[in-house]
Amino acid sequence: MRIHTFLISLVTVLILLGVSMPAKAQILGVPNQEEFTDSLKNEFLNAPYFGLYKDNYFTVGTTVGKKPDKHNSDVKFQLSIAQRLTKTTLPLNSYLFIAFSIKAMWNVFENSLPMRDLNFNPGLGWSFPFFSKGRYAGKFTFMIEHESNGRDGEESRSWNKISFAGSTLVNEWLMVHSKFWIPIVDGENNRDILKYSGIYQGGLAVTTPNQRFGWALTLVKRKGWNLNFNTILEFNWRIFPKDNEYFFVQYYNGFGECMLDYNKFHSRIRVGMVIKPKFFSEF
């Protein structure tokens, strides 16, 4: 409880600092605000139709506070892509896209290296990028999503979401994002999933101007009026300045890390590599 209260306070302070600090010319390694805005506009208008969506990572880790063994250590990886269906020619310069993400929990330290769980997350989205007074103000996305683990019987898990997501660059080093969803729970074995996997999320991402280092905090609010959050804390370091691969550390504390064990608590730290989209990640 105290940790989550501290994290919420930290998010609030950083947001207030970001709002109060004047924006400088250099943003995300681009020489000035005008060039950065033009780059983003060109990206939305002329970017390849097929590309990355969320972070793509491969990590290995173990449970915090316990001696690592084959039962509490594993590999976690995520692959996430998007295909644009239109350019920014719809009302408000919006565009349609489809996205697909797969997340895997892989027990590589057990005999036969079994896949513990595979989570499939396809979706159809409609995004609205906003520009105000010559600078990028943010993006709003409406999505219809499905998530399941593709199993049958007692291990089957699935639900659907009508989600609303928004993000904004407060200044040259801080991005704030949030997302909430209207759930449609159709899985017979996970009717109580909102108690564990949440009803909305919010967070922030901090990036140095040269894009060499980055930190991200995401809090997923579980159902209820108390301060019950799933916490995801990440750090990334671009090893080579011109490459898009980063050394990656992820700490997960809470429920809902995977569909199969959505109602089981995990506190795990993992390290590995991550490949990020060009400008910013989706959450």
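Colleague: Which residues does lysine 179 touch, not counting residues up to four places away in sequence?

Modeller: This is a predicted model, in which local features need pLDDT of at least 70, side-chain atom pairs count only at pLDDT 80 or more, and totals for chains, interfaces and linings use all residues. Residues are numbered from 1 along each chain as its sequence is written, and side-chain values use heavy atoms, with hydrogens and water left out. Lysine 179 lies in strand 8 (residues 174–184), strands (E, at least two residues) and helices (H or I, at least four) being DSSP runs numbered from the N terminus. Taking contact as heavy atoms within 4.5 Å, and not counting residues up to four places away in sequence, lysine 179 touches Glu145, Ser163, Phe164, Ala165, Tyr200, Gln201 and Phe283.

Colleague: Does lysine 179 count as buried or exposed?

Modeller: With a 1.4 Å probe and protein chains only, buried means under 20% relative accessible area, exposed means over 50%, and partly exposed lies in between. Because its relative accessibility is 9%, lysine 179 counts as buried.

Colleague: What is the length of the polar contact that joins the side chains of lysine 179 and glutamate 145?

Modeller: A polar contact is a pair of N or O atoms within 3.5 Å; within protein, one must be able to donate a hydrogen and the other to accept it, and residues adjacent in sequence count only if both atoms are side-chain atoms. Glutamate 145 is also among the residues that lysine 179 touches. For the side chains of lysine 179 and glutamate 145, the polar contact has a length of 3.0 Å.

Colleague: Glutamate 147 is buried yet has no salt bridge; which side chain of opposite charge is nearest?

Modeller: Glutamate 147 is found in strand 6 (residues 135–148), and its contacts include Asn119, Arg157 and Met259. A salt bridge requires a side-chain nitrogen of Lys or Arg within 4 Å of a carboxyl oxygen of Asp or Glu, and for charge Lys and Arg count as positive and Asp and Glu as negative, His and the chain ends not being counted. At a distance of 4.1 Å, the nearest side chain of opposite charge belongs to lysine 161.

Colleague: How many residues apart are glutamate 257 and lysine 76, whose side chains meet in a salt bridge?

Modeller: The N to O distance of this salt bridge is 3.2 Å. The pair links distant parts of the chain, with glutamate 257 in the loop between strand 12 (245–254) and strand 13 (266–275) and lysine 76 in strand 3.

Colleague: What accessible area do Leu85, Ile98, Leu124 and Ile144 have together?

Modeller: Patches are made of residues with over 30% relative accessible area and no salt bridge, like charges being joined within 9 Å and nonpolar side chains (Val, Leu, Ile, Met, Phe, Trp, Tyr) within 5 Å. Leucine 85, in the loop between strand 3 (73–84) and strand 4 (95–106), is partly exposed at 44%. Accessible areas come from the Shrake-Rupley method with a 1.4 Å probe, and for residues only the protein chains shown count as cover. Together the four residues form a nonpolar surface patch with an accessible area of about 340 Å².
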